[in-house]
Amino acid sequence: MDTGILLLRLLAGLLVAGHGVQKISSHLGGKGLEGGTEEFRADGFRGGVLTALAAGGGQIGSGLLLAAGLLTPLAATGAIGVMTVALTVKWHNGLWVQNDGYEYPLVLIGTATALAATGPGAYSLDAAVGLTPYPLWWAAVALVAGLGSGLLTRLVLHRPAPATPVPAARAEG
């Protein structure tokens, strides 16, 4: 079981961290900080460079903590938060990733929640420093705090889409 949890932590954590690296640099196929900033602007978010840095930094930090199995409930909360924002961006496309849907963020939210529920396993820094086992209620805290922070971020930083002007009716005559 511990080996399976280790593999799951490494896969999910390094993917989340790698996604953050792409937001703020040209590594791993990223478009640099300018590209990350433009991506957020195109998705309707305020904040420009600061938004890209905060999102990228949050993804890198939470992903590396999750992969290392260090402060696992906090790491899960961060991953759930950033993936909740991603889910809200992709929501209008439906579930499936082939339509640019929210399938992938949903899987990472579920994975982070599961890791908060199971704990990081024996092959983790949490275990090495004696922080495990975490009580099961930490999974609920991580899920609620992660979802809440992601939704709050969306509420605070997202601009509503501009209203489409309605052409004035022509008088016929």
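Reader: Is S124 buried or exposed, and what is its relative accessible area?

Author: Buried means under 20% relative accessible area and exposed over 50%, with partly exposed in between (1.4 Å probe, protein chains only). S124 has a relative accessible area of 7%, so S124 is buried. This is a predicted model, in which local features need pLDDT of at least 70, side-chain atom pairs count only at pLDDT 80 or more, and totals for chains, interfaces and linings use all residues. Residues are numbered from 1 along each chain as its sequence is written, and side-chain values use heavy atoms, with hydrogens and water left out.

Reader: Where is S124 found, and which residues does S124 touch?

Author: Helices (H or I, at least four residues) and strands (E, at least two) are DSSP runs, numbered from the N terminus. S124 sits in the loop between α5 and α6 (125-128). Contact means heavy atoms within 4.5 Å. Leaving aside residues up to four places away in sequence, S124 touches R9, A68 and G69. R9 is one of the buried residues of α1, and G69 follows α3 with a positive phi, near 70 degrees.

Reader: What does the side chain of S124 reach?

Author: A polar contact is a pair of N or O atoms within 3.5 Å; within protein, one must be able to donate a hydrogen and the other to accept it, and residues adjacent in sequence count only if both atoms are side-chain atoms. The S124 side chain reaches the backbone nitrogen of A127 at 3.1 Å.

Reader: How many residues does helix α3 have, and what span should they cover?

Author: The expected span of a helix is 1.5 Å times one less than its number of residues. Helix α3 (residues 48-68) has 21 residues and should span 30 Å; its end C-alpha atoms are 30 Å apart, which agrees.

Reader: Which residues of α3 are buried?

Author: An α-helix has 3.6 residues a turn, so residues three or four places apart point the same way. In α3 the buried residues are G48, T51, A52, A55, G56, Q59, S62, G63, L66 and A67. They cover an arc of only 145 degrees around the axis, which puts them on the same side of α3. The arc is that of the directions from the helix axis to the C-beta atoms. On the other side of α3, L50 and A54 are exposed.

Reader: What covers the buried residues of α3?

Author: The cover includes α1 (2-24), α2 (32-42), α4, α5 and α7 (137-157). As for α1, its buried residues pack against α2, α3 and α5; among them are I5, V16 and K23.

Reader: How many salt bridges does a search of the whole structure find?

Author: A salt bridge is a side-chain nitrogen of Lys or Arg within 4 Å of a carboxyl oxygen of Asp or Glu. The search finds two. One joins the side chains of K23 and E39 (3.1 Å, N to O). K23 lies in helix α1 and E39 in helix α2, so this pair ties together parts that are 16 residues apart in sequence. K23 counts as buried at 7% relative accessibility, while E39 is partly exposed at 37%. The side chains of D100 and K90 also meet in a salt bridge (2.6 Å, N to O). That pair links distant parts of the chain, with D100 in the loop between α4 and α5 and K90 in helix α4, ten residues apart. D100 is partly exposed, with a relative accessible area of 42%, and K90 is partly exposed at 24%.

Reader: How many aromatic pairs does the structure hold?

Author: A pair of aromatic rings is described by the distance of the centres and the angle of the planes. Rings of Phe, Tyr and Trp (its six-membered ring) pair if their centres lie within 6.5 Å; planes under 30 degrees apart count as stacked, over 60 as edge-to-face and the rest as tilted. The structure holds three such pairs. The rings of F40 and F45 have centres 5.8 Å apart and planes at 85 degrees, so this pair is edge-to-face. Both F40 and F45 are buried. For W91 and Y102 the centres are 4.7 Å apart and the planes at 20 degrees, so the pair is stacked. Y102 counts as buried at 15% relative accessibility.
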